[in-house]
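Here is a short note to read with the model open beside you. Take the points one at a time and find each place on screen before you move on.

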Amino acid sequence: MVVENTIRVRDYINPSRLPDFAYVINPYTGCTHKCKYCCAEFMRLFTGHKEEWGEFVDIKSATKKINLFKLQQTNVLLGSVTDPYNHLEEKYELTRKILNETKDTDFHLFIVTKSDMVLRDIDILKQMKDVTAVFSVCTDDEKLRKDLEPYSPTFQQRIDAAKTLHEQGIKTIIYISPILPELTDYKSIIENTKEFAQMYWIENLNLKGGNRPRILDFINNNYPQYYDLYFDIYKKHSSQYWTQKENEICEYLEKNNIEYKNYFYHEKIRKR
Ligand code: SF4
């Protein structure tokens, strides 16, 4: 069960600490997809929620109108600590409201989601000057997807949605994230999506706080053959695996002339 609260906030727009983006928009705090590896779980502490991550969602209600002037010519990320198309969007339509309010603004909007619910808003997306739908995918293995993201749409639903948007003239990016050591088959994801992905974003698994013991337990119980590797990376802070993997993936993308953006260790490459 998900606890729903409506909360008052000053603004839907917040300055971003992420590389490449001036602002972020998160219509919700919390997320019903409840991914085991989620890095946004720290929001639970900020908000004082006692529920587990994935079991509460605050629905924001902003006191001031979106300052469209401020957004002009900027890169804005919609969905940095929530999925703007989590299940409650169907009921509250807050993401749709924000898209409607900003649709005539000259800015670059990147919508990060795991959900094909984005197709509902295709009418607005088509009116926007510069919008990109970014589908995050950590695996194309359905069993692993279900284990890690119990309430998210399937890989097939995501790629079908990306394909539809592409056919309708909306730019799409496949965000291979998080890349899990020895579990994410990035080549297979690319093979399955390259016809309609304008580019790829890549990011490695980042574990800190609550998601670290959860993922280490998950690996121990389900993939014990990789436990030592995960332990080395996430307990002993060994960087060898990721250095090699990052090089390997970048070489593969470059060799195949695939456009990409590297967000490995994005927490360290915040705004320079
Ligand atoms: S969809 Fe994104 S924000 Fe939501 S739980 Fe999963 S990783 Fe976290």
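**Notes on the model**

1. Let's begin at the ligand. By class, the shell around the ligand holds four nonpolar, two polar and three charged residues. Which residues are they? The ligand is surrounded by C31, H33, K34, C35, C38, A40, T82, D83 and K114. Please keep in mind throughout that this is a predicted model.

2. Next, look for the sheet of eight strands. This sheet is open, its pairing is mixed, and its strands follow the order β2-β3-β6-β7-β8-β9-β10-β11. Which strands stand at the edges? They are β2 (13–15) and β11 (260–262); each has a single partner strand, so one side of each is left without a neighbour in the sheet. From one strand to the next, the twist averages 25°.

3. Now zoom in on one pair within that order. Strand β3 (residues 23–25) pairs with strand β6 (residues 75–78) in the parallel sense, over three bridges.

4. How many bridges join β4 to strand β5? There are two, and β4 and β5 (residues 56–62) run antiparallel. T29 has D58 in β5 as its bridge partner.

5. Turn to a pair of helices. The axes of helix α9 (residues 211–222) and helix α10 (residues 227–234) come within 9 Å and cross at roughly 160°. Are the two helices roughly parallel or antiparallel to each other? An angle over 145 degrees counts as roughly antiparallel, and α9 and α10 are therefore roughly antiparallel to each other. The crossing in which α9 passes α10 is left-handed.

6. Stay with these helices and look at the side facing the partner. On α9, the residues R212, L216, I219 and N220 meet Y227, Y230 and Y234 of α10. Sorted by class, the residues of this contact are five nonpolar, one polar and one charged.

7. Finally, two backbone details deserve a look. Where is the cis peptide bond? It runs from S177 to P178, with omega near -10°, and P178 is found in strand β9 (residues 171–179). The other detail is E182, which lies in the loop between β9 and α8 (186–193). Phi of E182 is near 65°, a positive value in a residue other than glycine.

Note on methods: Residues numbered from 1 in each chain as written. Predicted model: local features only at pLDDT ≥ 70, side-chain atom pairs only at ≥ 80, totals over all residues. Axes fitted to C-alpha atoms, helices over the stretch in contact; angles between N-to-C directions. Helix = DSSP H or I, 4+ residues; strand = E, 2+ residues; numbered from the N terminus. Parallel < 35°, antiparallel > 145°, perpendicular 65-115°, else oblique. Left-handed = near helix turned anticlockwise from the far one by under 90°. Contact = placed C-beta atoms within 7 Å. Nonpolar A, V, L, I, M, F, W, Y, C, P; charged D, E, K, R; others polar. Pairing = 2+ DSSP bridges. Near = placed C-beta within 6 Å.
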